[in-house]
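Please keep the sequence and the model in view while reading.

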Amino acid sequence: MRTLREIKLDIERRIALTAQSPLSLLESLEIIKLAIEDVIRSGGAVAKTSLITSQQIVNLLHETVKSAFILEGVNSTLIKPNIGRANPEITLAGFLKFKKQDVCIFPNNLNPRLESLDFNGLYSTGVIEPYGELFTEHILSVNVRTQLSSLGNNVDTMFERTYAEPLNLHRRVPKMVLGEMYLISVKELNSSQIAQNNPIYNNFTPATARQLEKYIKGFSALNLRKGQRDDDFKYERVALIIADFSQNPIKIYSSTQQLIQDNLLPANSSASIDNLQFDGFARTLLDIYEQRFGLNILT
């Protein structure tokens with residue numbers, strides 16, 4: 001049985017190996033599943049919380065995103081933080097505030113330049129930012145989030161934050177290409193069993209299906225921004241990863257029909273994940289980027 005420290009070290013080692021061995025989505029999720037279940041067995045709820053709040057779980061998904069771009073031909077030296085590294089994250093200036101970005105790809109035909117901000121937000125006019133408006137607009141950025149507890153937890157706050165982040169950047173740099181990857185678990189771990197060091201999953205409930213439908217509709221409303229001045233609150237592409245961690249191997253839902261078959265959506269639901277899968281996520285973002293800025297800027 002691995003301890004929390006051993007689990008964290010194992011995750012760090014796999015992240016560090018990404019430069020030599022790309023990290024697929026399924027591999028990342030299997031590592032996450034094994035890590036969470038092992039840490040519950042060795043340390044219960046406290047150890048589980050420590051692992052999740054350490055950010056190492058989400059850092060695995062950062063590397064999965066980086067690997068997806070590299071497999072599509074992106075020059076790995078343009079990706080920030082570097083492959084196999086979680087830091088330093090790039091902090092970009094938006095319309096209202098500065099915000100750290102999880103994964104950025106820099107253009108190869110421009111150089112950053114110091115620039116004084118000439119508008120008011122949560123910082124004063126005259127604050128210097130290190131990249132400049134033109135360079136910032138040519139950065140392709142993806143942020144990664146997870147919800148591995150109850151789907152009903154803080155859902156309104158989550159959507160408000162998800163809505164605000166592209167709006168903050170697109171209002172300053174309207175052509176910027178942004179992506180969002182969000183992982184949710186459709187089977188929650190049983191809290192009373194966790195207290196006894198048992199990683200046991202709850203069954204699906206009608207409430208699970210209602211919450212999942214809300215997630216799908218919410219992310220669909222923020223997906224597939226087409227214009228360069230319209231729908232600033234949207235991402236150019238969202239990937240909503242819906243996973244059942246109770247299964248071996250983990251089941252990743254890739255179609256709306258699969259959700260209906262497993263009673264996670266009603267047959268007459270208008271919710272659809274057809275444009276929310278991880279497959280094609282990186283390629284779609286790169287296609288939009290090339291349409292706006294030209295070919296070979298990220299290679």
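## The second largest pocket

In this predicted model, helix H7, which spans residues 206-221, provides the largest share of the lining of the second largest pocket, namely three residues. The pocket holds about 180 Å³ of space, and its lining is made up of 14 residues, with Ser 150, Leu 151, Glu 188, Thr 205 and Thr 208 lying nearest its centre. When these lining residues are sorted by class, nine are polar, three are nonpolar and two are charged.

## The largest pocket

The largest pocket has a volume of about 720 Å³. Its lining comprises 29 residues, and those that lie nearest the centre are Gln 55, Arg 145, Thr 146, Gln 147 and Arg 161. Divided by class, the lining consists of 13 polar, nine nonpolar and seven charged residues.

Of the contributors, H5 gives the most, with five residues.

## Packing of H5 with H7

Helix H5, which gives the most to the lining of the largest pocket, also packs with H7, from which the largest share of the lining of the second largest pocket comes. The axes of H5 and H7 come within 11 Å and cross at roughly 10°, and because angles under 35 degrees count as roughly parallel, the two helices H5 and H7 are described as roughly parallel to each other.

On the H5 side the residues involved are Val 155, Met 158, Phe 159 and Thr 162, which meet Gln 211, Lys 214, Tyr 215, Gly 218 and Phe 219 of H7. By class, this contact of H5 with H7 has five nonpolar residues, three polar and one charged.

## Packing of H1 with H2

From H1, the contact is made by Leu 4, Ile 7, Lys 8, Ile 11 and Arg 14, while H2 brings Glu 27, Ile 31, Ala 35, Asp 38, Val 39, Ser 42, Ala 47, Ser 50 and Leu 51. The contact of H1 with H2 divides by class into eight nonpolar, four charged and two polar residues.

Terms used. Residues numbered from 1 in each chain as written. Predicted model: local features only at pLDDT ≥ 70, side-chain atom pairs only at ≥ 80, totals over all residues. Heavy atoms only, no water. 1 Å grid on protein atoms, 1.4 Å probe; cavity = no way out; pocket = protein on both sides within 12 Å on 5 of 7 lines; lining within 4 Å. Points joined across faces, edges and corners; volume = space filled by probe spheres on them. Helix = DSSP H or I, 4+ residues; strand = E, 2+ residues; numbered from the N terminus. Nonpolar A, V, L, I, M, F, W, Y, C, P; charged D, E, K, R; others polar. Contact = heavy atoms within 4.5 Å. Axes fitted to C-alpha atoms, helices over the stretch in contact; angles between N-to-C directions. Parallel < 35°, antiparallel > 145°, perpendicular 65-115°, else oblique.
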